[in-house]
Amino acid sequence: MNLSDAQINNLLKNSQYEDVIKNLCEIVKTDNATFNNYYAFIEAVVSFLDTKNYPLAYNCFIKANFLENKNSENLKKLYKKAETIIKYLGFNYFNDNNTYKIQRDFYLRARFMLYMYATKYQNALDTLSVMIKENPSSENFYIRSKFYIMQNKYKF
């Protein structure tokens, strides 16, 4: 049974996470899912601690980033939820061979986050350097500056 966005949001509001997961699990595997479908699925999976669905939720996170008409405020919330998923999946999921064929920029970002959580700062910096080399965006330079400040490389 396909529920409307309002019905899904109502289930989330009432903490009926298992129902949300059950109703959206198959939908989010297709190309017909909406940003709200991805958002609700990730919210439910993380809130319900449904760890068996964390890989699917991470794939939803990647897909949600590339949809048009995404809500930027909800996208920021998804990044916080993704941190929980990345921590749980850990280095076995984000291994050196990228076994799960995760899109390169998300793969590097997840590896960077994992190294930071594990306090492997040199590995984090090496990953960040690759991120900058492959995508010299202002966001990546900003992350590096925050990293250096955190490491007391620059003093103010």
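## Aromatic pairs

Two rings of Phe, Tyr or Trp count as a pair if their centres lie within 6.5 Å, and planes over 60 degrees apart make the pair edge-to-face. In this predicted model, there are 14 aromatic pairs.

One of them joins tyrosine 54 and tyrosine 88. Their ring centres are 5.1 Å apart and their planes stand at 85 degrees, so the pair is edge-to-face. Tyrosine 54 belongs to helix α4 (residues 54-65) and tyrosine 88 to helix α5 (residues 72-93), so this pair links distant parts of the chain, 34 residues apart.

Because phenylalanine 61 lies in helix α4 and tyrosine 79 in helix α5, the pair ties together parts that are 18 residues apart in sequence. Phenylalanine 61 counts as buried, at 3% relative accessibility. Tyrosine 79, at 30%, counts as partly exposed.

Both residues belong to a cluster linked by ring pairs, and its members are Tyr58, Phe61, Phe66, Tyr79, Tyr93, Phe94, Tyr100 and Phe106.

## Charges over rings

Two lysines sit over aromatic faces. Lysine 87 lies over the face of tyrosine 117, at 4.6 Å from the ring centre. Lysine 120 lies over the face of phenylalanine 91, and here the distance to the ring centre is 5.6 Å.

## Arginine 109

Arginine 109 is part of helix α6 (residues 104-117). With neighbours within four places in sequence left aside, its contacts are Tyr79, Met131 and Glu139.

In soluble globular proteins, nonpolar side chains tend to be buried together. The largest nonpolar core here has 53 residues, and Phe41, Tyr58 and Phe94 have the most contacts inside it. At least two residues of this core come from each of α1 (5-13), α2 (17-24), α3 (35-47), α4, α5, α6, α7 (121-134) and α8 (138-150). Tyr58 and Phe94 are also members of the ring cluster.

What does phenylalanine 41 touch, not counting residues up to four places away in sequence? Its contacts are Val20, Ile21, Leu24, Cys25, Val28, Asn53, Leu56, Ala57 and Cys60.

Terms used:
Residues numbered from 1 in each chain as written. Predicted model: local features only at pLDDT ≥ 70, side-chain atom pairs only at ≥ 80, totals over all residues. Heavy atoms only, no water. Phe/Tyr/Trp six-rings, centres within 6.5 Å; stacked < 30°, edge-to-face > 60°. Helix = DSSP H or I, 4+ residues; strand = E, 2+ residues; numbered from the N terminus. Buried < 20%, exposed > 50% of the residue type's maximum accessible area, 1.4 Å probe, protein only. Lys NZ or Arg CZ within 6 Å of the ring centre and 35° of its normal. Contact = heavy atoms within 4.5 Å. Core = buried A, V, L, I, M, F, W, Y, C linked by side-chain atoms within 4.5 Å.
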